Amino acid sequence: MGKKPLPDEEIAAQLAELPGWDREGDTITRAFGVRYHGGVALIVNVADVERLVGHHADIDLRWDHIRFRITTHDAGHRLTAADFDLAARIDRIAAAHQAQPHNA
């Protein structure tokens with residue numbers, strides 16, 4: 001997956017394909033409502049995928065929700081195609097865990 005920073009137009013197009021993800025500077029974020037233990041299981045599944053694709057999100061687990069923040073550290077903390085690929089994978093894993101959209 002490419003580690004070249006994306007231009008703003010491409011970032012906007014990619015975000016349009018990923019409802020629920022928001023841009024915050026040079027990161028994309030999304031939160032899901034999930035019980036704590038369900039969040040732990042979700043993290044384990046996401047971590048397995050992250051290991052396979054060689055890209056990682058920052059993850060914040062709370063008692064009733066989990067938040068993912070993604071940027072490409074080795075591209076100068078900029079957004080790349082790898083970030084949007086990982087976001088789509090996280091969405092699929094979260095759906096499998098019946099995590100719900102959350103406003104965190």
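Predicted model: local features only at pLDDT ≥ 70, side-chain atom pairs only at ≥ 80, totals over all residues.
A salt bridge here is a side-chain nitrogen of Lys or Arg within 4 Å of a carboxyl oxygen of Asp or Glu. Residues are numbered from 1 along each chain as its sequence is written, and side-chain values use heavy atoms, with hydrogens and water left out.

Let us start with the charged pairs. The structure holds 8 salt bridges. In one of them, the side chains of Asp 60 and Arg 62 meet at 2.8 Å, N to O. Asp 60 is partly exposed, with a relative accessible area of 31%, and Arg 62 is also partly exposed, at 44%. For this scale, buried means under 20% relative accessible area, exposed means over 50%, and partly exposed is in between, using a 1.4 Å probe and protein chains only.

Asp 60 also has a place in the strand pairing: its bridge partner in strand 4 is Arg 67. Helices (H or I, at least four residues) and strands (E, at least two) are DSSP runs, numbered from the N terminus. Strand 3 (58-61) and strand 4 (65-70) pair in the antiparallel sense over 4 bridges; two strands count as paired if DSSP finds at least two bridges between them. These two strands form a hairpin with 3 residues between them.

Arg 69 is partly exposed at 29% relative accessible area, and Glu 24 is partly exposed at 35%.

Asp 85 pairs with Arg 89, with the closest N and O atoms 2.9 Å apart. The two residues are 4 apart in helix 3, so about one helical turn separates them. Asp 85 is partly exposed with a relative accessible area of 23%, and Arg 89 is partly exposed at 28%. Elsewhere, salt bridges that share partners join Asp 8, Arg 23, Asp 26 and Arg 78 into one network.

Now for the interior. A nonpolar core is a set of buried Ala, Val, Leu, Ile, Met, Phe, Trp, Tyr and Cys residues joined through side-chain atoms within 4.5 Å. The largest one has 24 residues, of which Trp 21, Ile 28, Leu 42, Phe 68, Ile 70, Phe 84 and Ile 90 touch the most other members. Helix 1 (8-16), strand 2 (27-33), helix 2, strand 4 and helix 3 each supply at least two residues of this core. Helix 3 gives the most, with 7 residues.

Ile 28 shows how these parts come together. Leaving out residues up to four places away in sequence, its contacts include Leu 15, Trp 21, Phe 68, Ile 70, Leu 79, Phe 84 and Ala 87, where contact means heavy atoms within 4.5 Å.

Phe 68 brings us to the aromatic rings. A search of the whole structure finds 1 aromatic pair. Phe 32 and Phe 68 form this pair, which is edge-to-face, 6.2 Å centre to centre with 70° between the planes. Rings of Phe, Tyr and Trp (its six-membered ring) pair if their centres lie within 6.5 Å; planes under 30 degrees apart count as stacked, over 60 as edge-to-face and the rest as tilted. Since Phe 32 lies in strand 2 and Phe 68 in strand 4, the pair ties together parts that are 36 residues apart in sequence. Both Phe 32 and Phe 68 are buried.

Finally, some loop residues deserve a look. His 55 lies in the loop between helix 2 (36-53) and strand 3, and is buried with a relative accessible area of 6%. Its side chain joins that of Lys 3 in a polar contact of 3.4 Å (a pair of N or O atoms within 3.5 Å; within protein, one must be able to donate a hydrogen and the other to accept it, and residues adjacent in sequence count only if both atoms are side-chain atoms). Beyond four places in sequence, His 55 touches residues including Glu 50, Ile 70, Asp 83 and Leu 86.

His 77 has a positive phi of about 55° although it is not a glycine. Gln 98, another residue other than glycine, has a positive phi near 60°. Gln 98 lies in the loop between helix 3 and strand 5 (100-101), and is exposed at 65%.
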